[in-house]
Structures are given as structure tokens and as C-alpha cells.
Amino acid sequence: LPWQAALGCRAAQVLMQYCILANHYWFLVEAVYLYKLLIGAVFSEKNYYRLYLYLGWGTPVVFVVPWVAAKYLKENAEGGMGCVCPCTLSSPQINLLIFMRILKMILAKLRANQKGYADYKLRLAKATLTLIPLFGIHEVVFIFATDEQTTGILRYVKVFFTLFLNSFQGFLVAVLYCFANKEVKSEMKKKWQLWKLDH
């Protein structure tokens, strides 16, 4: 039935917007968590775990529900497509600010230990490049360039970078923070040797 197809399409659109916003807010959770670790804040993880869950999964609801209501009212009144997606109301700007603070802290620590590390600029560049996918900083580049505003070659560039970076972001984070980690590699090596001994 046509009304069922339209309802399914709208439900999929709402779910997609929720997932995009949840992705943004989990970037924010990662940024806040890392910032707390770097400033050496002493806090109980149990107290903040629930807050992180609410921030990551709950905050998107605050934006999606009014968006759905406004979209529904506008479609009924005008018969058009309705409102702009709520992604521009998300957290990339906050992540950018936290990112800048963290880089400032890393630079200060690297400069303090400059005698031991002559390549501190290289280390800063490496830290910067590894934090970009973790915090979703690439989202800031095109956040204000909506699909309606971009035309021609800029639209293709935006779509390519957005799809490419969003598609491989989880993979990049896994490689940089898990598989390239020395502790993880040594643990995997131990597990592999134990498995070889057992078999």
C-alpha cells in the first residue's frame, strides 16, 4: 500500500537522522572522556558512565523529536519536503573546541619534554592526525554547506568526502587506537602464541 511505503520511508528518514546525531554525540563523549583523562581529573567512572550514555544516545532525541514535529506540521501545511535536518545543531563545533584545547595541552607537554624528544613537531602532527577521526573533526568542514546550498563540483566534493570519511571512520579509529596500539599488539601476540601451543 502507498501509505505504508510512505510511512516506512519517513520512519527510515527519522532513524537515519537519529543515527547521524548519535554518531556526532558519541564523538563528543569520546572528546570529553579524553579531555578528562588528559587534565588528570579524578572521577569515578561509574558516576559518569550513565551520563555518557545519556549524552550519546539521549541527546539526539532532544533534536530529532522537535524536528519530526516541525517536519510533520510543515508537510501538512505546505505539502513540501519540510524542514532541514537537525545535523547542523549537533556537536562538531564543541568537539572542535575540545580538540583545540587538547592540542594545546599536547603541545605544552611535548615542549616541556623537548630535550628528550627532538621530533616533538612530528609527534604533535601525529597526535593531531590521529585525533581528527576520533573526534569527527572532518564534520566541521561541511557542516554549514547543506545539500541545498552546494552545487556543481563543490557538491560532488562534499558528498565524496562525507561518504568516504564517514564510511571508513570506524575502521580508521580501530586501526589507530586498537590495532596500532603496542599493548593491544602484545596482547594479541600472547593470545596467538597460547592458541598455537594449545593446537
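I began with Tyr52, which counts as buried because its relative accessibility is 7%, where buried means under 20% relative accessible area, exposed over 50% and partly exposed in between, with a 1.4 Å probe and protein chains only. The model is a predicted one, in which I took local features only at pLDDT of at least 70 and side-chain atom pairs only at pLDDT 80 or more, while totals for chains, interfaces and linings use all residues. Residues are numbered from 1 along each chain as its sequence is written, and side-chain values use heavy atoms, with hydrogens and water left out.

I then searched the whole structure for aromatic pairs and found four; rings of Phe, Tyr and Trp (its six-membered ring) pair if their centres lie within 6.5 Å, and planes under 30 degrees apart count as stacked, over 60 as edge-to-face and the rest as tilted. Tyr52 pairs with Tyr33, and because the ring centres are 6.1 Å apart with the planes at 85 degrees, I noted the pair as edge-to-face. The pair links distant parts of the chain, since Tyr33 belongs to helix H1 (residues 2–38) and Tyr52 to helix H2 (residues 45–78), 19 residues apart. Tyr33, with a relative accessible area of 34%, is partly exposed.

Which kind of pair do the rings of Trp192 and Trp195 form? Their centres are 5.3 Å apart and their planes at 20 degrees, so I recorded this pair as stacked. Both residues lie in helix H7 (residues 182–198), three residues apart, which is about one turn of the helix. Trp192 is partly exposed at a relative accessible area of 49%, and Trp195 is also partly exposed, at 44%.

I counted seven helices and zero strands in the protein chain, with helices (H or I, at least four residues) and strands (E, at least two) taken as DSSP runs numbered from the N terminus. Of its 199 residues, 26% count as buried. Among contacts (heavy atoms within 4.5 Å) between residues at least 6 apart in sequence, 71% join residues at least 24 apart.

Which residues touch the most other members of the largest nonpolar core? Among its 17 residues they are Ile98, Phe99, Ile102, Ile106, Leu131 and Phe135, a core being a set of buried Ala, Val, Leu, Ile, Met, Phe, Trp, Tyr and Cys residues joined through side-chain atoms within 4.5 Å. H1, H2, helix H3 (92–112) and helix H4 (120–135) each supply at least two residues of this core, and H3 gives the most, with six.

Leu103 is in helix H3 and counts as buried at 15% relative accessibility; its C-alpha is 7.9 Å from that of Ala127, 24 residues apart in sequence. Ile132 lies in helix H4 and is partly exposed, with a relative accessible area of 27%; Ile132 and Leu96 are 36 residues apart in sequence and 9.3 Å apart in space, C-alpha to C-alpha.
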